[in-house]
Amino acid sequence: MNVREVKLLISATDPKQYPKPIVPEILLVGRSNVGKSSFINQLIGRKNLAYTSNKPGKTQTLNFYDLDGKLRLVDAPGYGYAKVSKASRRQFAQMIDAYLKTRENLELVLLLVDGSHLPTKDDVLMLTYLKTYDIPTIVIGTKFDKVPRSKWQKHERDLLQTLAISEEYFIPFSSTTLLNKDLVWELLNEVALEEYK
Ligand code: GTP
Ligand code: MG
């Protein structure tokens, strides 16, 4: 898919605001600062479509990005940021839960974890939680450029072990070197072929 036009359809908090479920969607979740916005920007080839920053916790809504009317990427707020209040944690949980529960055109969840470290407890919890929904889920290990090449194999093994998944569910990625950008696009293209009427 060669994306010609990308539009932010809506930033929604409530299911009533979601766009019509007529196009397949991919939900992106991950800890604050894991590189979600960078991931979207790099995949789509736009510098600053999704807002990137050094301040964690910027995104507070579900942001629906439309790619040529064929596929949508849904950017969720980052979780696990220590300074976030209990109330916003609850709000986040409710928002994600409502989306996962009701979204009939959700085809794939991409869980982004910081691939340059080992997954946190929050990451493992999130994966366990996602598994309860029975929606295909792939883990993207971001910032892999920070891992020395000589350590890639062992590091990936350690990551898989911590997450308790096999390698077919994991893709190391880098927004800096564009490692595995093509592989991720293959995945996106497959999802874009789904049709709704
Ligand atoms: P929130 O919206 O706050 O949850 O953050 P986010 O997950 O959208 O992260 P964002 O894309 O804003 O990136 C956070 C920081 O990590 C920025 O300083 C990015 O430049 C940096 N970063 C993102 N991806 C990579 C990567 O692949 N490699 C390296 N080295 N840095 C990255
Ligand atoms: Mg972001």
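Visitor: How many helices and strands does the protein have?
Guide: This is a predicted model, where local features need pLDDT of at least 70, side-chain atom pairs count only at pLDDT 80 or more, and totals for chains, interfaces and linings use all residues. Residues are numbered from 1 along each chain as its sequence is written. Helices (H or I, at least four residues) and strands (E, at least two) are DSSP runs, numbered from the N terminus. The protein has 5 helices and 7 strands.

Visitor: What percentage of the 197 residues in the protein is buried?
Guide: Buried means under 20% relative accessible area, with a 1.4 Å probe and protein chains only. By that cut-off the share of buried residues is 48%.

Visitor: What distance separates the end C-alpha atoms of helix H2?
Guide: Helix H2 covers residues 86-102, which is 17 residues. The expected span is 1.5 Å times one less than the number of residues, so H2 should span 24 Å. The separation of its end C-alpha atoms agrees, at 24 Å.

Visitor: Which residues of H2 are buried?
Guide: An α-helix has 3.6 residues a turn, so residues three or four places apart point the same way. The buried residues of H2 are Phe-92, Met-95, Ile-96, Asp-97, Tyr-99 and Leu-100.

Visitor: Which helix is included in what covers the buried residues of H2?
Guide: The cover includes strands, among them S1 (6-12) and S5 (106-114). It also includes helix H3 (121-131).

Methods:
Chains are lettered from A and ligands numbered from 1 in the order in which they are written. Side-chain values use heavy atoms; hydrogens and water are left out. Buried means under 20% relative accessible area, exposed over 50%, partly exposed in between (1.4 Å probe, protein chains only). Contact means heavy atoms within 4.5 Å.
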